[in-house]
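Me: Hi! I've got a structure open and would like to talk it through with you. Can we start with how the chains meet?

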Amino acid sequence: MTPTQHVFTGARKALPIVLGYLPLGFAYGALASLAGIGLPYIFMMSLIVFAGSAQFISVSMLAAGAGAVSIIATVFLVNLRHLLMSASLSPYLQSFPRTSLPLLAFWLTDESYAMACGEFREHERNHFFMLGLFGTAYAGWVMGGMLGGIFGGLFNSAQAALTMEYALYAMFIFLLVIQVTERKLVFAAGVSGILSLFFYLVIPGSWYIMLATICTATMGVMVEKWQDS
Amino acid sequence: MARLLIVIFGMATVTYLPRFLPMYVLTKLEIPKIVITWLCYVPVAVLAALIVPGILTVDRQIFISPANSYLIASVLAFFVAWRSKNMMLTVTVGMAIVLCLQCLP
């Protein structure tokens, strides 16, 4: 396959992500314009931050008149979860050209990460494929935000938004199902699901994802060590 | 608007660093075997942590009920994913169920 074909194969795989990002991005753009943020800034935030939950949070904090430092600190905490995802992809990326890493890292999101894990598990994938996959998801998000900023006032269908956003959960479920190939991973998914629910209910913010993941992976390693000895 | 620019650039910086640094550093190193084992659990753990609170709660409260369209759709999406191993089918069925449940009175 030529590089272009790899890029297109990756782009096609991004379709379910785009399906979810368009309405979410639209909702972000619409909320931001309601909060009085100008269209160039709405666009710029999607373009250079590219982080769904962080953008929603910043818009509501800006609307509430929060200070710059507290907004930036909150966004930092919300996005710390990407540390683990970035680390977990690195074994697959060792053969990639190092010049592709800064861009791939910028495009790393929960959704693109989940999709990348599924792909790496089943196929040999190169950096062209990954750039096509991640870049298409990015384009969907930026476009959704732009449309939301422009037309957000015209459309207001909570039903449509709720349905479209479900695309992301359906995708997560599919990716989880194809990745629990061993019994230990089925257990890990169960443990992480229960822990995340617990953390989500008792700890404010989005720490639940990181906490559940760290606890689960550590327990997994401990159980493996214990079985070996 | 200068404040807004500072906020946006600050957000961009603090979002980029956790995405970039682990990947950039770890691809250069020989990763110890125990770390690889640990990292193997990360994808399924992250996915489960994203899914479970998302489908079992509304406004940070547990909401297990036939009225929770995400929950009903997820149970069926799980079976579709498991039997078909087809992502677009899973996503389409899931979305169709959410849509239908919302149209019910």
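Reply: Happy to! One definition before we start: two residues count as in contact if their C-beta atoms, placed from the backbone, lie within 7 Å. Also, keep in mind that this is a predicted model.

Me: Got it. How many residues of chain B are in contact with chain A, then?
Reply: On the chain B side there are 60 residues, and they are in contact with 72 residues of chain A.

Me: Let's look at chain B by itself. In what order do its elements run?
Reply: Starting at the N terminus, chain B goes α-α-α-β-β-α-α, which comes to 5 helices and 2 strands.

Me: Is chain B spread out or compact?
Reply: Chain B is more spread out than a compact globule, because its radius of gyration is 20 Å, well over the 13 Å that the globule rule gives for 105 residues. Along the principal axes, the C-alpha atoms of chain B fill a box of roughly 50 × 50 × 25 Å. Buried residues make up 41% of the 105 residues in chain B.

Me: Switching to chain A: what does the domain assignment give?
Reply: The assignment for chain A has domain 1 (3-179) and domain 2 (181-229). The C-alpha centres of these two domains of chain A lie 24 Å apart. Their contact takes 8 residues from domain 1 and 8 residues from domain 2.

Me: Which elements of domain 1 give two or more residues to the side that touches domain 2?
Reply: In chain A, those are helix 5 (68-79) and helix 10 (158-179). The residues on that side of domain 1 divide into 5 nonpolar, 2 polar and 1 charged.

Me: Now the largest nonpolar core. Which residues touch the most other members?
Reply: A:Phe172 and A:Leu176 do, in a core of 110 residues. Helix 10 of chain A brings the largest share of this core, 13 residues. Both domain 1 (3-179) and domain 2 (181-229) of chain A give residues to the core, so it lies between them.

Me: What does A:Leu176 touch, leaving out residues up to four places away in sequence?
Reply: A:Leu176 touches A:Ala189 in its own chain, and B:Val44, B:Leu47, B:Ala48 and B:Ile51 in chain B.

Conventions:
Residues are numbered from 1 along each chain as its sequence is written. Chains are lettered from A and ligands numbered from 1 in the order in which they are written. This is a predicted model: local features need pLDDT of at least 70, side-chain atom pairs count only at pLDDT 80 or more; totals for chains, interfaces and linings use all residues. Helices (H or I, at least four residues) and strands (E, at least two) are DSSP runs, numbered from the N terminus. The radius of gyration is taken over C-alpha atoms; the globule rule is 2.2 Å times the number of residues to the power 0.38. A residue is buried if 20 or more other C-beta atoms lie within 10 Å of its own, exposed if 12 or fewer, and partly exposed in between; C-beta atoms are placed from the backbone. Domain bounds come from an automatic or database domain assignment. Ala, Val, Leu, Ile, Met, Phe, Trp, Tyr, Cys and Pro count as nonpolar, Asp, Glu, Lys and Arg as charged, and the others, Gly among them, as polar. A nonpolar core is a set of buried Ala, Val, Leu, Ile, Met, Phe, Trp, Tyr and Cys residues joined through C-beta atoms within 7 Å.
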